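Please keep the structure in view while reading.

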Amino acid sequence: MAGRQHRETEIARRIRAKGLAAGRTSAQIADEIHEQCTSQFGTSRIKAHRLSYGIALADVVEQIRALFERDDKSMPGIGETLLSAYESGLKRPGPEYMHYLCTVYRVEPHELGYDGPCICGRGHRLQAVPSVVAEAKQRPLLPTERELLLTPMVTESEAEEDENILRRTLLNLLNPETRLVTTLDGPILGACEGIRRRMDETLVSATVSAAMLDQWEEATLSFGRQYTTTAPLRLLCDVLLEMSAVRTAMSRRQPIDLQDRLLRMAAQLSGLSGMIMINLGDHRLARSFFRTGRTAADETGDRALRAWITARESLVPLYFGDAREALNLAKKSRDLAGSTPCPAQAMAPVVEARALAMLSGSESKKEVVDQAKRALARARSAFSHMKSEDQEDMAFGYTEKQLYFYQGDVLTKLGQTLEAEVVLDQALEKYEDHILDQTLIRLDQAQCRLIAGEVDSALEIGTKALRMVSDEYLTDFIMRPALALEQAIMAREANHAKLEEFRAELRRPRTAQLKGGGA
């Protein structure tokens with residue numbers, strides 16, 4: 001290994017010498033070193049920049065320490081071993097170390113091989129700071145300037161307007177006299193995306209009292225409990241208003257011991273928003289919120305949280321038509337969870353089983369049935385090892401009734417109707433407070449009856465399910481399986497006497513609708 005490193009250094013030295021003679025910049029020299037050495041030595045971009053300056057690991061460490069001292073910070077724990085781990089790809093620098101590495105090399109994160117902008121929100125190429133390769137003395141930024149550079153990229157007036165749109169929407173939804181149904185379009189979609197985008201910007205640009213954090217954490221858990229009992233659009237407004245408040249706090253510099261709690265809340269609120277978007281039938285925004293949640297969860301380093309976000313995200317392709325991608329995401333979630341007892345360990349194999357059932361189609365070959373049932377068995381085993389509080393949390397955990405419901409859904413899709421009906425009956429008994437899942441369970445029961453050849457019974461159950469759900473819950477999330485049931489019945493008995501009654505309920509006139517954004 002020592003010989004390889006010596007050879008790599010020798011090649012880099014020659015490239016640097018020729019580059020300097022030709023008047024190239026250090027960044028250009030680094031690109032050439034990376035291009036020529038990566039195939040032979042696996043030279044990372046961050047290492048190529050150090051080699052382009054012809055300096056040792058110790059030089060970079062000392063420069064970072066000097067920058068910390070200049071900024072009146074306590075000495076960092078970075079050393080040659082950690083820096084070497086960055087260069088070998090074993091570890092990724094956190095936001096703070098990333099900033100100082102960019103400062104030393106006078107480049108942006110992507111030039112060191114990392115995604116996203118630096119937390120400081122400015123370009124390092126033009127930054128006036130000391131560097132190990134600087135030939136001229138340059139003035140460091142004043143503290144007041146440093147604070148100004150942490151200002152969010154979007155004006156706060158835009159954030160205020162987005163919040164006002166959601167508040168107006170919430171007031172309309174809460175008005176007992178009008179009982180208006182507000183559609184998820186226009187200004188509401190813009191406000192949702194605006195808040196999510198600003199959270200993205202804040203996550204990569206910065207990181208409140210402990211009492212305020214306690215209140216936000218309690219509110220986040222409360223939203224998780226309301227997930228089963230509150231209409232999706234109303235809950236979305238509450239969640240995003242809280243998310244906007246968390247983002248505002250994160251846009252200001254916070255003590256490092258509070259940063260992890262803020263990031264965790266950002267991940268949970270983003271994930272919950274993605275879940276609500278699934279219920280509202282907007283898969284594009286659901287994906288965007290899960291992506292934001294991943295960004296926050298990755299910063300925490302919490303495997304269980306990262307696995308939860310990924311498992312929840314896998315439901316997007318599962319519900320919107322790409323079972324193979326759902327299967328891949330579920331396996332990724334399982335890998336992220338590892339041996340850590342957590343909700344994702346139960347959720348991921350259930351999604352695997354559901355995706356396998358969808359991929360098998362109507363054939364339901366024995367090997368696919370066995371594979372899906374093994375996945376369900378893994379889910380039950382993982383559930384038994386979860387913490388009791390996680391077994392009672394519908395949003396951030398995984399409950400027994402969810403396990404029953406999805407097991408019944410899998411068995412229905414596999415054509416195992418006798419087993420499915422027993423499990424679905426058990427699930428329906430447990431879902432007393434969640435009309436969305438009650439409706440989905442009843443539609444699965446109708447499919448079971450249809451597979452068994454009982455068209456009359458299937459139509460009765462399907463019609464009753466739609467009749468029980470109010471307009472505010474009758475979203476695309478519910479309409480998809482209902483339409484699938486209609487198509488399946490038409491394929492079997494298109495002129496059935498009770499089909500018109502089902503269709504009338506499926507396409508019933510909705511309550512007068514407001515344009516998004518409210519009055």
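## Helix α13

In α13, the residues L285, A286, S288, F289, F290, T292, G293, A296, A297 and T300 are buried, where buried means under 20% relative accessible area, exposed over 50% and partly exposed in between, with a 1.4 Å probe and protein chains only. Helices (H or I, at least four residues) and strands (E, at least two) are DSSP runs, numbered from the N terminus. The model is predicted: local features need pLDDT of at least 70 and side-chain atom pairs count only at pLDDT 80 or more, while totals for chains, interfaces and linings use all residues. Residues are numbered from 1 along each chain as its sequence is written, and side-chain values use heavy atoms, with hydrogens and water left out.

Helix α13 covers residues 283-300, which is 18 residues, and reaches 26 Å from its first C-alpha to its last, close to the 26 Å expected at 1.5 Å a residue. The expected span is 1.5 Å times one less than the number of residues. At the N-terminal end, D282 caps α13, with a side-chain oxygen 3.3 Å from the backbone nitrogen of R284. After α13 comes G301, whose phi is positive, near 75 degrees.

## A buried aspartate

D409 belongs to helix α19 (residues 400-413) and is buried, at 4% relative accessibility. The side chain of D409 makes a polar contact with the side chain of K413, at 2.8 Å. A polar contact is a pair of N or O atoms within 3.5 Å; within protein, one must be able to donate a hydrogen and the other to accept it, and residues adjacent in sequence count only if both atoms are side-chain atoms.

Not counting residues up to four places away in sequence, D409 touches R354, L424 and D444, contact meaning heavy atoms within 4.5 Å.

## Aromatic rings

Rings of Phe, Tyr and Trp (its six-membered ring) pair if their centres lie within 6.5 Å; planes under 30 degrees apart count as stacked, over 60 as edge-to-face and the rest as tilted. By this rule there are 7 aromatic pairs. One of them, Y53 with Y105, is stacked, at 5.9 Å centre to centre and 10 degrees between the planes. Because Y53 lies in helix α3 (residues 45-53) and Y105 in helix α6 (residues 95-105), the pair ties together parts that are 52 residues apart in sequence.

Y398, F405, Y406 and Y431 form one aromatic cluster.
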